[in-house]
Amino acid sequence: TWYKVSQGQLQFLPDWPQLTGIEADVEVRDGNVKVSARKASISSIKLRSASASVEQSAGAGALLRLNANADTSTADGLAFLRNTPVRDNIGSMLDNWTGKGDLDIDVALEFPLGSDVSQLQIAVDVLSKESEIFIPEFALNIESINGQVRYQNDTGLAATALKATLFDYPVVADIETRADPELGPSTRINSKGLASVNALRDWSMQPDFVAGLLASMSGEIDYTALLDIGRG
């Protein structure tokens, strides 16, 4: 059988935003379902494309797969992440982040229907293109962010060689999720770069003692930095 869906909705998981405004073609053949969406939105982000399928698997019931991608602003991308389990890794700090620039988001989901939820697999790939993020808790304005950040439900947030500009100079950062049996997951950002003395001295979070030392210096400083973001 074949169907056309107009203004459809799909709540694929209770803790993830639902797909809305779906305009799609649906094919049902021998118990398998294929959905090809011409139009859909997730968390107010208009998707570039979306597809879903339900396939019968011998001995494992039915398997749901969902793939979607979109081009969106960094601000809307942050709003999307706040409404997903990604927030569980970063905590409430994410609520105050603001952003500019553009993101390319890909979402892939796979899980068996009516069976063990532990088999759930979710991957969200976010490609940043000259984005800018302001983190008020640390008074940090990170500019020209380029690279890919990935979220997987079993491993958390991760990124390798993410490039950006901080304290007037380029910086390269890696991101990993660390698990603590008592405190839960936390996000670690490990960065290495070059900073201008003027920018370091003017940073509002700089201790007065360090700012005083920098007052008699000029030029640039090589540095490594470690930032742990726990749930809150």
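**Pockets, a cavity and an aromatic cluster**

Guide: Start with the second largest pocket. Its lining takes at least two residues from each of strand 1, strand 2, strand 3 (32–42), strand 5 and strand 6. Bear in mind that this is a predicted model.

Visitor: What volume does the second largest pocket have, and which residues lie closest to its centre?
Guide: The volume is about 250 Å³. The lining counts 20 residues. By class, 15 are nonpolar, 4 polar and 1 charged. Closest to the centre are L10, I22, V26, V35 and A52.

Visitor: Is S53 buried or exposed?
Guide: S53 sits in strand 5 (residues 49–57). Beyond its neighbours within four places in sequence, S53 contacts V33, K34, L63, L64 and R65. Buried means under 20% relative accessible area. S53 has 14% relative accessibility, so S53 counts as buried.

Visitor: Which element gives the largest share of the lining of the largest pocket?
Guide: The largest pocket has a volume of about 930 Å³. Its lining has 43 residues, and W97, I135, I142, I175 and I189 lie nearest the centre. Elements giving two or more residues include helix 1, helix 2 (86–90), strand 8 (121–135) and strand 12 (184–196). The largest share, 7 residues, comes from strand 13.

Visitor: What is the volume of the largest cavity?
Guide: Searching the whole structure for cavities of 30 Å³ or more finds 1. The residues lining the largest cavity include L19, I42, F80 and V107. The space inside is about 90 Å³.

Visitor: Which strand supplies the largest share of that cavity's lining?
Guide: By class, the lining of the largest cavity has 10 nonpolar residues, 1 polar and no charged. Two strands each supply at least two of the lining residues: strand 6 (61–73) and strand 7 (98–113). The largest share is 4 residues, and it comes from strand 6.

Visitor: Where on helix 1 do its buried residues lie?
Guide: Helix 1 spans residues 74–82, and its buried residues are T74, G77, L78, F80 and L81. Around the axis they cover an arc of only 155°. That arc puts them on the same side of helix 1.

Visitor: How far apart in sequence are the parts that W16 and F80 tie together?
Guide: The whole structure has 4 aromatic pairs. W16 and F80 form a tilted one, 6.4 Å centre to centre with 55° between the planes. W16 is in the loop between strand 1 (2–10) and strand 2 (19–29), and F80 is in helix 1, so the pair ties together parts that are 64 residues apart.

Visitor: What relative accessible area does F80 have?
Guide: Both partners of this pair can be checked against one cut-off. Buried means under 20%. W16 is buried at 4%. F80 is buried too, with a relative accessible area of 2%.

Visitor: Which residues form one aromatic cluster?
Guide: W16 also pairs with Y151, tilted at 50° between the planes and 6.4 Å centre to centre. This pair links the loop between strand 1 and strand 2 to strand 9 (residues 140–152), 135 residues apart. W16 and Y151 are both buried. The cluster is W16, F80 and Y151.

Technical notes
Residues numbered from 1 in each chain as written. Predicted model: local features only at pLDDT ≥ 70, side-chain atom pairs only at ≥ 80, totals over all residues. Heavy atoms only, no water. Buried < 20%, exposed > 50% of the residue type's maximum accessible area, 1.4 Å probe, protein only. Arc of directions from axis to C-beta. Contact = heavy atoms within 4.5 Å. Phe/Tyr/Trp six-rings, centres within 6.5 Å; stacked < 30°, edge-to-face > 60°. 1 Å grid on protein atoms, 1.4 Å probe; cavity = no way out; pocket = protein on both sides within 12 Å on 5 of 7 lines; lining within 4 Å. Points joined across faces, edges and corners; volume = space filled by probe spheres on them. Nonpolar A, V, L, I, M, F, W, Y, C, P; charged D, E, K, R; others polar.
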